[in-house]
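Here are a few quick notes to go with the structure you sent over. Have it open while you read.

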Amino acid sequence: MTTQRITDDLDRLIELLPDPVRQALETPERRDQLLEVVLDLGRVPEARYPGKAVALDASSLTRDDLEAVVHRLGQFGADNRAGIERTLHRISAIRNRQGDVVGLTCRVGRAVFGTVAMVRDLLDSGQSLLLMGRPGVGKTTALREIARVLADDLQRRVVVIDTSNEIAGDGDIAHPAIGRARRMQVARPEHQHQVMIEAVENHMPEVIVIDEIGTELEAQAARTIAERGVMLVATAHGNALANLIKNPTLSDLVGGIQSVTLGDEEARRRRSQKTVLERAAEPTFPVAVEMHSRHRWAVHTDVATTVDQLLRGQIPLTQERELGADGIVQLVDPPTETRTARRPSRPTLAAVPASSPSGPLQSVEHQPDPPQEDEAPLDTEDLQVLCCGLSPQLVEQAIRRRRWPVRVVDDIGDADVVLSVRQGLGRQPLLRREARDRHVPILVIKTDSLAQVERALERLVSRREQPDGSTEAAPEDRDDALAGLEECRLAVEQVVMPEGRPVELLPRNERVRQMQADLVSRYSLRSDVFGQDDRCRLRVFPP
């Protein structure tokens, strides 16, 4: 069992503050869980705690109050930060246009011993470790404790790159919280990548610890260090691995992203478009941790596999770890609704109208009614949704928030409906064609925001629960026209013109086909009609 022990040297921070503020913070109740003290010119001082803020005095702060605090602190660095020697507290300044200090944020720094229990087993492997999470979740605290355990318990040669003196405190003597680890200070934040390389070249470390990798140069320096066989432990901007993949500056930390053109056979096997995104190289950090809270972390033990799965729209498996009040780390099972098995039969879903005052849903591709023998009672099973151009995690988040009877599936054979963003269908014509053949409706939304996904799911669920299967808004013809025009525009702008390939659109009635042909002519392109009866469809040719 691992227990947590906290040290904070809070008295040394409080003695710098104005007298009324210092007196207000004398009681143990006011000090417990104190995050920061905010001092702004012309406003009352505030103490901030998790989830609340408390005024510390009825009088507003004056320039003399702020200047007295600055005088006790000494000089601020180029990043407008100052510290107290051999403590972990950080004081950040807000300045006016003339450079005068008009505000101070006095953040309490605490050394928490015992947090490393969440990833203690990962440190033994010697693999580089990346920590992610929102501000204030405890990334720097965990980094400090990891540095100490690596240096003291595992006897590694550890060098901490301390850009703003947040890890090892202010002053030339490092805080005891990092143990025997050595600390290299950085004169200016923009020089961090140079100090990272210098540490490897001059001091023979086995482990480099870095806080806040945030630029492309720092990401490149991290890869250089990893390729020399040095273990890296670092934090990065971003709440989750999926955010890091979308960040062009930092995506190299998880292998980088590149566009790849697949062969016809491989594209059919994957049921995807021919041009897809794939991981470019091995990740700089083979292991990553998403810190959801101070006591609950999600661990990706194989970042390469996780990134591959995210790029293919699949749901990666993670280890959810939770630190209990007794100091014991437990593995928490991931939500079961993210997995589903194939079903022998599935209920049908009536088409959902595209225009509605309730939300900005764009269109539904109406499919012919399925055979009568495939129908089942609508309320016997969860609604199965296949994502196209949408992150499955985003859809699952909406499902969990509203507790809808909906599941995300990976196969069109299991799906009751395809939920797609506007550009998604144009990029996956094979999926669109298979959905048409299987009579699976496609619902298109404008963007992949959580609000629009929730509105889409709400309408799908409510429509599915109606026993009579009737639609409630715009006529079907208008919906079909909207869907047809949108399909045509995407085909022209994303396939025909940029790739020079012809595209065959879905079958539509004569009126919609004429509207599509008129739209094609506006792009100075040629089209023609193929098929007979209800299979008549438009083919668009490149210039």
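The points below cover a pocket and then a pair of helices.

1. Before anything else, keep in mind that this is a predicted model.

2. Start with the largest pocket, which holds about 1500 Å³ of space. Its lining is made up of 38 residues.

3. What sort of residues line the largest pocket, by class? The lining has 17 nonpolar residues, along with twelve polar and nine charged ones.

4. Now move to helix α7, residues 192-203, and helix α8, residues 216-227. Their axes sit 8 Å apart, and the two pack at an angle of about 15°. Angles under 35 degrees count as roughly parallel, so α7 is roughly parallel to α8. The crossing of α7 past α8 is left-handed.

5. Which residues meet where these helices touch? From α7 come Gln-192, His-193, Met-196, Ile-197 and Val-200. On the α8 side you'll find Leu-217, Glu-218, Ala-221, Ala-222, Thr-224 and Ile-225. Sorted by class, this contact of α7 with α8 has seven nonpolar, three polar and one charged residues.

Note on methods:
Residues are numbered from 1 along each chain as its sequence is written. This is a predicted model: local features need pLDDT of at least 70, side-chain atom pairs count only at pLDDT 80 or more; totals for chains, interfaces and linings use all residues. Side-chain values use heavy atoms; hydrogens and water are left out. On a 1 Å grid over the protein atoms alone, a cavity is a set of points where a 1.4 Å probe fits but cannot get out, and a pocket is an open set with protein on both sides within 12 Å along at least five of seven lines; lining residues have an atom within 4 Å of a point. Grid points are joined across faces, edges and corners, and a volume is the space filled by probe spheres set on the points. Ala, Val, Leu, Ile, Met, Phe, Trp, Tyr, Cys and Pro count as nonpolar, Asp, Glu, Lys and Arg as charged, and the others, Gly among them, as polar. Axes are lines fitted to C-alpha atoms, for helices over the stretch in contact, and angles run from 0 to 180 degrees between N-to-C directions. Helices (H or I, at least four residues) and strands (E, at least two) are DSSP runs, numbered from the N terminus. Angles under 35 degrees count as roughly parallel, over 145 as roughly antiparallel, 65 to 115 as roughly perpendicular and the rest as oblique. A crossing is left-handed if the near helix is turned anticlockwise from the far one by less than a right angle, and right-handed if clockwise. Contact means heavy atoms within 4.5 Å.
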